[in-house]
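Here is a friendly walk through a single structure, to be read with the viewer open. Let us take the elements in turn.

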Amino acid sequence: GDDRSGIQAISLAADQTRLILLGQATQIRMRSAAMADRIEAGTLVWLREPYAFLPWADRLAPTAAVAKLMQGKPYADDLHFLADGPKPAEFGITRFARTLPRDLSRAFIHVSKVETAPVQRWTDRDQAALGMSREDFIAAWGQAARAVASFGGDPSGLRWADNPDVRIITFRLVRQNIDAWLGSRREGLAHQELAAAVPETAAASSAHADRPV
């Protein structure tokens with residue numbers, strides 16, 4: 001939802017996050033809702049994704065766990081993002097994407113275009129931008145609709161067969177924490193034009209030791 005600095009947030013599934021971070025997806029489709037409707041061309045949106053801490057944090061709220069981690073101990077080994085692969089056995093409970101603290105977010109997107117169209121709209125360009133086949137997208141969309149039902153929501157009108165109108169969001173990826181980027185921009189260290197930011201592969205990003213991962 002709304003955040004400090006006027007930045008928006010978006011919660012994604014692990015598989016979708018993986019495609020985006022690898023530079024294989026430049027489009028997101030979301031049903032119209034409060035979160036989606038606040039996103040428009042020019043919006044900066046930080047990515048929330050499923051994650052897990054080591055078991056010592058299982059009884060702590062995410063923000064409390066982050067506060068403990070920030071006491072001087074590097075936290076990379078205490079945190080696992082599910083987009084990076086199955087959760088290792090030594091990690092604790094899986095946390096929903098919506099609970100990821102902004103301090104731990106490792107990427108954001110710059111929205112270049114927002115359209116409203118039926119979810120079944122499918123062109124070769126759409127397929128390339130979504131980074132998956134039509135069949136895989138239908139399966140993922142159905143899983144999301146079932147998740148709504150599992151939490152007591154009404155999936156009516158959300159199923160692929162219902163062909164609901166969705167917000168189609170086209171974007172560029174920046175593999176950096178949004179607040180770190182804003183801080184470096186204020187200090188004159190970031191590119192003056194966000195258009196200079198281009199998607200990077202995970203391997204390219206890992207070469208930047210100064211970028212949170």
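## Helix 6 and its surroundings

Helices and strands here are DSSP runs numbered from the N terminus, with helices being H or I over at least four residues and strands being E over at least two. At the other end, where helix 6 starts, a side-chain oxygen of N177 comes to within 2.9 Å of the backbone nitrogen of D179.

Helix 6 spans residues 178-186, and its buried residues are I178, W181, L182, G183 and S184. Buried stands for under 20% relative accessible area, exposed for over 50%, and partly exposed for anything in between, with a 1.4 Å probe and protein chains only. The cover over these buried residues includes strand 3, strand 7 and strand 8.

## How the model was read

This is a predicted model, in which local features need pLDDT of at least 70 and side-chain atom pairs count only at pLDDT 80 or more, while totals for chains, interfaces and linings use all residues. Residues are numbered from 1 along each chain as its sequence is written, and side-chain values use heavy atoms, with hydrogens and water left out.

The pLDDT, the predictor's confidence in each residue on a scale from 0 to 100, averages 85 for the protein, and 83% of the residues score at least 70. Over residues 200-213 pLDDT stays under 50, and the model has 18 contacts beyond four places in sequence for them; a contact means heavy atoms within 4.5 Å. Where pLDDT is low, the predicted coordinates should not be read in detail.

## Overall make-up

The protein has seven helices and eight strands. Of its 213 residues, 43% are buried. Taking contacts between residues at least 6 apart in sequence, 78% join residues at least 24 apart.

The accessible surface is about 11100 Å², and carbon and sulfur atoms account for 53% of that. Such areas come from the Shrake-Rupley method with a 1.4 Å probe, and for residues only the protein chains shown count as cover.

How many of the residues of strand 3 are buried? In strand 3 (residues 44-48), five of the five are. In a regular strand the side chains alternate between the two faces of the sheet. Both faces of strand 3 are covered, with L44, W46 and R48 buried on one side and V45 and L47 buried on the other.

Strand 3 pairs in the parallel sense with strand 1 (residues 8-11) over four bridges; two strands count as paired if DSSP finds at least two bridges between them. Within that pairing, R48 is the bridge partner of S11. Strand 3 also runs antiparallel to strand 7 (residues 108-118), joined by three bridges, and V45 stands opposite I109 there.

Strand 2 (residues 27-31) is mostly covered too, with four of its five residues buried. Strand 2 and strand 8 (residues 165-174) run antiparallel and are joined by five bridges, with R29 facing I168.

Another part to look at is an open sheet of three strands in the order 5-4-6, paired antiparallel. Strand 5 and strand 6 (94-95) are at its edges, each with a single partner strand, so one side of each has no neighbour in the sheet. Strand 4 (residues 51-53) is antiparallel to strand 6 over two bridges, and Y51 stands opposite R95. Helix 3 packs on this sheet, touching strand 4 and strand 6, and its direction makes about 55° with that of strand 4. Axes are lines fitted to C-alpha atoms, for helices over the stretch in contact, and angles run from 0 to 180 degrees between N-to-C directions.

D78 lies in the loop between helix 3 (62-69) and strand 5 (79-81). D78 is buried because its relative accessible area is 5%. Its side chain makes a polar contact of 2.7 Å with the side chain of W56. A polar contact is a pair of N or O atoms within 3.5 Å; within protein, one must be able to donate a hydrogen and the other to accept it, and residues adjacent in sequence count only if both atoms are side-chain atoms.

Which backbone oxygen does the side chain of H80 reach at 2.9 Å? That of G85, while the backbone oxygen of P86 is reached at 3.4 Å. H80 belongs to strand 5 and counts as buried, at 12% relative accessibility. Beyond its neighbours within four places in sequence, H80 is in contact with Y51, A52, G85, P86, K87, P88 and F91.
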